Amino acid sequence: MSVFRTVTFFVKEQLPTLKMSAYRATLISALALSAVAQNPQPAALAPPRTGFAFPQKETLTYSVDWRVFPVATATVHFEADGDRERLTTTAETSGAINMLFHLSDRFQTSFDREKACTYEFDKQTIEGRRQINSTLHIDYAQNKSSLDEKNLVTGQTKHVETPVAGCLTDLLTGMFYTASQPLEIGHSFVVPVADSERTVPVTMKVEGQEEIKTTLGTFKTIRVQPTADAGVVKNRGNIWIWYTDDDRHLPVQMRARSFWGTITFRLTGDENK
C-alpha cells in the first residue's frame, strides 16, 4: 500500500534499529490492511441503501501526514458512465520525503451503480525503482476473476484466475461502498472484497460518533473500524474511517495506527468536477 510503504521507508531512514514491514497504501489502505484474513464462506455484498446514489461527478482531495509530517497528497475522482461508476485515485509523495523516495500511484475501478459490484480494478504503481501495472477483471457470468500483472522493470508477467461467488467489491471501491450502507452505531456488516487472488471478508464495525475538524470545517461524523478476526492483520495496527453523519456519509478522515507511528488522511477539497 503505497503511502504507508513510502512512510515506512522514511521511518527506516530515521530509526534504523526498528524492524518493520513495508506497507503500501493510498485511500484504499483503510480496507487493504484489513483484507488479509481468509474465510471460505464470505458474506454477500448488500446493495446500496434505498435513496443512496454515487455522485455523477466529484473530486475529493486528501492531505496525508505521518505523525506531524506531511508526506503525500491523494485525490479521488468519481465519474458516472451509464450504469457504471468509474473511480480514479492518485497518490503523490510531497515535501522532504519525496527527495528520499518518490511515489506516484494511480488506481482505477469500474463498478455497478445500483448493485456496487466491481467489474475491473486497475493499478499503476511507481514506488522508487518498483514499477508494476496490474488489472483485476471480474467475470460474473463465468464466476471467476482474472489478474494480469506486469513488472515494468524486470518484464516479468503473471496471470492468475480465481473462482468467485456472487457480487464483490474491490479494495478501493470498498471504502466508498461502505458509505452506501446504513451506519448504525453498535452494528457491524461484512464486505466481501476481491483482493488479487482471493475473496476476503472485511468486517466494518460502526463504533460511535465524533466531531472532526478539517480545513473545510467541522463535521459531525460516524467512526467505522475495518477489522479481520484472523491473519497477520491482527499485528498490523488499527484502522479507522470517519464518515459524515448525514445521507452522504462522506469520508472526511482516515487513520492507521501502528508501532511505527500514525498515518492520517484528511479531506482538504471537495469539488463537483
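Predicted model: local features only at pLDDT ≥ 70, side-chain atom pairs only at ≥ 80, totals over all residues.
Let me begin with the core. The largest nonpolar core holds 53 residues, and within that set Leu-60, Tyr-62 and Phe-176 are the ones that touch the most other members. Among the secondary-structure elements, strand β2, which covers residues 69-81, gives the most to this core, contributing five residues. As general background, nonpolar side chains in soluble globular proteins tend to be buried together. If we look at Leu-60 in detail and leave aside residues up to four places away in sequence, its contacts include Ala-74, Thr-75, Val-76 and Phe-78, and also Phe-176, Leu-250, Leu-267, Gly-269 and Asp-270.

Next, Ala-91, which sits in strand β3, spanning residues 84-93. Is Ala-91 buried or exposed? Its relative accessible area is 0%, and because buried is taken as under 20%, Ala-91 counts as buried.

Finally, the disulfide, of which the count comes to one. Cys-117 is joined to Cys-167, with an S to S distance of 2.0 Å. These two cysteines link distant parts of the chain, being 50 residues apart: Cys-117 belongs to the loop between β4 (103-112) and β5 (118-127), whereas Cys-167 belongs to the loop between β8 (157-163) and β9 (169-170). Which hand does the disulfide have? The torsion about the S-S bond of Cys-117 and Cys-167 is about -120°, so the disulfide is left-handed. Both Cys-117 and Cys-167 are buried.

Technical notes: Residues numbered from 1 in each chain as written. Heavy atoms only, no water. Helix = DSSP H or I, 4+ residues; strand = E, 2+ residues; numbered from the N terminus. Buried < 20%, exposed > 50% of the residue type's maximum accessible area, 1.4 Å probe, protein only. Core = buried A, V, L, I, M, F, W, Y, C linked by side-chain atoms within 4.5 Å. Contact = heavy atoms within 4.5 Å. Disulfide = S-S within 2.5 Å.
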